[in-house]
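Good morning, and thank you for coming.

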Amino acid sequence: MAGEDHHHAHVLLIEDDPGDALMIRESLEQAGVPVRLHRVRDGEQGLWFLGQAARSAPGFPRPRLILLDLGLPGRHGLDVLGSLRADRRLRDIRVVVLTASRDPRDIRRSQQLGASAYVVKPADFDGLAGLARQIGAMLGLAGARG
C-alpha cells in the first residue's frame with residue numbers, strides 16, 4: 001500500500017511540545033502499534049512535509065494519518081487543517097486533532113473542516129496508551145497490544 005513500508009503505516013505528528021511528542025511515540029511503541037512516526041514542530045513544517053509527500057519526494061512518505069496539535073507556534077492547527085482539506089492531493093488523509101484545547105469553538109471548527117476525530121490530550125500515560133490502541137484500530141493495524 002502507498003504510504004507503507006515493511007508493514008508499518010506512516011503517521012505524521014505535528015506537535016511542538018517535545019515532551020508530548022515523546023509520550024505519544026512511546027505509547028504507540030508500547031501498545032505495539034506498527035507505525036513509522038514522523039514529527040514536525042509547527043504547521044508550516046507540516047504543510048511543507050505533506051507537500052513533499054504529495055509530490056512523492058524521496059524521504060517524505062505519504063502518511064495514512066496525521067496527528068495534529070492546535071496550539072502550534074506560528075500557524076494555528078486549524079489553519080493547517082483548512083489548508084489540508086483545500087488541497088485535492090491531501091484532503092483524503094485522516095486527521096486526528098490531538099490537543100489540550102477543550103474550547104467548543106475549536107471542536108466545532110475541527111468537525112467543520114473534516115477532522116476524523118478530536119481528542120483532548122490524555123493527562124497520563126495510561127490515557128495515552130488507550131489512545132495509541134484507538135489509533136491502531138483506526139488504521140486497521142494488527143499487532144496492537146492491549
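Leu-68 touches Ile-14, Gly-77, Val-80, Leu-81, Val-95, Val-96, Val-97 and Leu-98, if we set aside residues up to four places away in sequence. Please bear in mind throughout that this is a predicted model.

To which set of residues does Leu-68 belong? It is one of the residues with the most contacts inside the largest nonpolar core, which has 24 residues. Leu-12, Ile-14, Leu-50, Ile-66, Leu-81 and Leu-84 are also in that group. The elements that give two or more residues to this core are β2, spanning 8-14, α2, β4, α3, spanning 77-86, and β5, spanning 94-99. Apart from this core lies another, of 21 residues, and Leu-13, Leu-37, Val-96 and Val-119 are among them.

Let us now look at the strand β4 itself. Ile-66 and Leu-68 point one way from β4, whereas Leu-65 and Leu-67 point the other way. Each of these four residues is buried.

Which strands pair with β4? On one hand there is β2, which runs parallel to β4 and is joined to it by four bridges. Here Leu-13 stands opposite Leu-67 of β4. On the other hand there is β5, also parallel to β4 and also joined by four bridges. Within β5, Leu-67 has Val-96 as its bridge partner. Between β4 and β5 the chain passes through α3, and this β-α-β crossover is right-handed.

With which side chain does Lys-121 make a polar contact of 2.9 Å? The partner is the side chain of Asp-20. Leaving aside neighbours within four places in sequence, Lys-121 is in contact with Glu-15, Asp-20, Asp-69, Leu-98, Thr-99 and Ala-100.

My last point concerns the backbone at Ser-56. This residue is not a glycine, yet it has a positive phi of about 55°. Where does Ser-56 lie? It sits in the loop between α2, residues 43-54, and β4, residues 65-68. Is Ser-56 buried or exposed? With a relative accessible area of 61%, Ser-56 is exposed.

Thank you for your attention.

Methods. Residues numbered from 1 in each chain as written. Predicted model: local features only at pLDDT ≥ 70, side-chain atom pairs only at ≥ 80, totals over all residues. Heavy atoms only, no water. Buried < 20%, exposed > 50% of the residue type's maximum accessible area, 1.4 Å probe, protein only. Core = buried A, V, L, I, M, F, W, Y, C linked by side-chain atoms within 4.5 Å. Contact = heavy atoms within 4.5 Å. Pairing = 2+ DSSP bridges. Right-handed = clockwise from strand over helix to strand, strands pointing away. Polar contact = N/O pair within 3.5 Å; in protein donor to acceptor, adjacent residues only side chain to side chain.
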